[in-house]
Amino acid sequence: MAMRLIFFFFLTTLATSAFSQITFEQGYIIDLDGNRIDCFIKNPDWKNNPEEIDYYVNDKNSIKAGNVDNINEFGISDNIRFIKAVVNIDRSSESLNDMSYEKAPFFEEETLFLKVLVEGKASLYSYVDNTISRFFYSVKKNSINQLVYKSYYVKDNVVGHNNLFKQQLWAELQCSKLSAIRNSKLRYIKKDLIKYFISYNECKNLDYISYEEMVQRNVFNLGIKAGLNVVSLATNKDIKSNSTDVSFEDKTVYTVGVNAELVLPFNKNKWSVFIEPTFYNYKNEKEINYVESFPLIKSTLVTIDYNAIVVPLGVNHYFFLGSSSKVFLKAAFAFDIPLKSGQQIKYETPEVENLDVNVRPGLFFGTGYKYKRLGVEMRYMLNRELLGQYVSWSTKYSSLAFLLSFDLLQGEGK
């Protein structure tokens, strides 16, 4: 209980600190008169295209709201740019339950902030609103039009696809290097369309800016971890007539491992997946009394010496406090690879049967802080079953770990 209270207090403190952070980044807005105003813009790392932004010019206490009614454009550093545009957009659902029977798009005029993906003679824009994702384009700074892709219901759970966007591109963005075959394989996804627009501008020897290429991402980190693990173990037998239950004293053990982390290519490096093989050796013992046959009470020494590589597979979520520091929360599913066969909970008295150790997988949750390559972490492993092959036995096997980490490799990618 004490371990859990410590962990959840630490978790709450760090999480509160992380969520309370408001990050304003250097940026600009362009007002309705075309004037550029340098400012600081709150960047929550929008998943959907924003309808409104918060910004301030000089005084952080004087935050203003910007929307399509009072600004024409905004950007953050050189990486993010949104422009206001009056466009015809088809919001047809891609969900089978709400899918239209019509192949043709149903357009409605809206004023939106579009994200600029590629800017040049041929420009590409995107719009995301929860479940819908639409792409728009313009050629020679002319009007901005939607690239049309629409799924529609045919019959008997058969779905058709309107791929008009391919014809649009082939009609307006022709170049010798963009073959009809390549065009036919084009998918209505950001990656494919960005490549297509870049290829067109390069084919025509035109200057362009690809905003997605400006965003450099740490895609792979490799490091080491070491620390202390406070382990709690108690066994319980359902049949009490000859109880050999044992509650070991909490034991602190040392752990060391390797952490490999892959940062996911979205949401500004806030999500990652990791695997972390860790060497673990738990030794403990306790003298217990048990009833052999009433009223005869005996004592015996109970010992455990368990060696394994614990392999967690999980996810991290980061909250950035600045360019070099961040708080993180994590969750993982861990399984054990025993290093020795026949590992047991052993009773010194021969008439009491030893128990084979068979640890079942389990979950742990963690939180911590990272500054550049250095990190500190606390994690709590929920109860796992140590005697998984026995029907009549159960265990309370949990741990609270305090870890230090150091990244040996921080890879860069796009």
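1. Two rings of Phe, Tyr or Trp count as an aromatic pair if their centres lie within 6.5 Å. In this predicted model, the structure holds 15 aromatic pairs.

2. One of these pairs joins Y149 and F165, with 6.3 Å from centre to centre and 75° between the planes; the arrangement is edge-to-face. Y149 belongs to the loop between β10 (145-147) and β11 (150-155), whereas F165 belongs to helix α2 (residues 164-172), so this contact ties together parts that are 16 residues apart in sequence. Both Y149 and F165 are buried.

3. Another pair is made by Y280 and Y306. The ring centres of Y280 and Y306 are 6.4 Å apart and the planes stand at 70°, so this pair is also edge-to-face, since an angle over 60 degrees is counted in that way. Y280 is part of strand β18 (residues 278-293) and Y306 is part of strand β19 (residues 296-320), so the pair ties together parts that are 26 residues apart in sequence.

4. Are Y280 and Y306 buried or exposed? The cut-off for buried is under 20% relative accessible area. Y280 has 6% relative accessibility and therefore counts as buried. Y306, at 2% relative accessibility, likewise counts as buried.

5. Aromatic residues also occur as a group: W46, F74, F82 and F113 form one aromatic cluster.

6. Rings may also be considered together with charged side chains. The charged end of K326 sits over the ring of Y318, at 4.3 Å from the ring centre. K330 has its charged end over the ring of F274, and the distance to the centre of that ring is 4.3 Å.

Technical notes:
Residues numbered from 1 in each chain as written. Predicted model: local features only at pLDDT ≥ 70, side-chain atom pairs only at ≥ 80, totals over all residues. Heavy atoms only, no water. Phe/Tyr/Trp six-rings, centres within 6.5 Å; stacked < 30°, edge-to-face > 60°. Helix = DSSP H or I, 4+ residues; strand = E, 2+ residues; numbered from the N terminus. Buried < 20%, exposed > 50% of the residue type's maximum accessible area, 1.4 Å probe, protein only. Lys NZ or Arg CZ within 6 Å of the ring centre and 35° of its normal.
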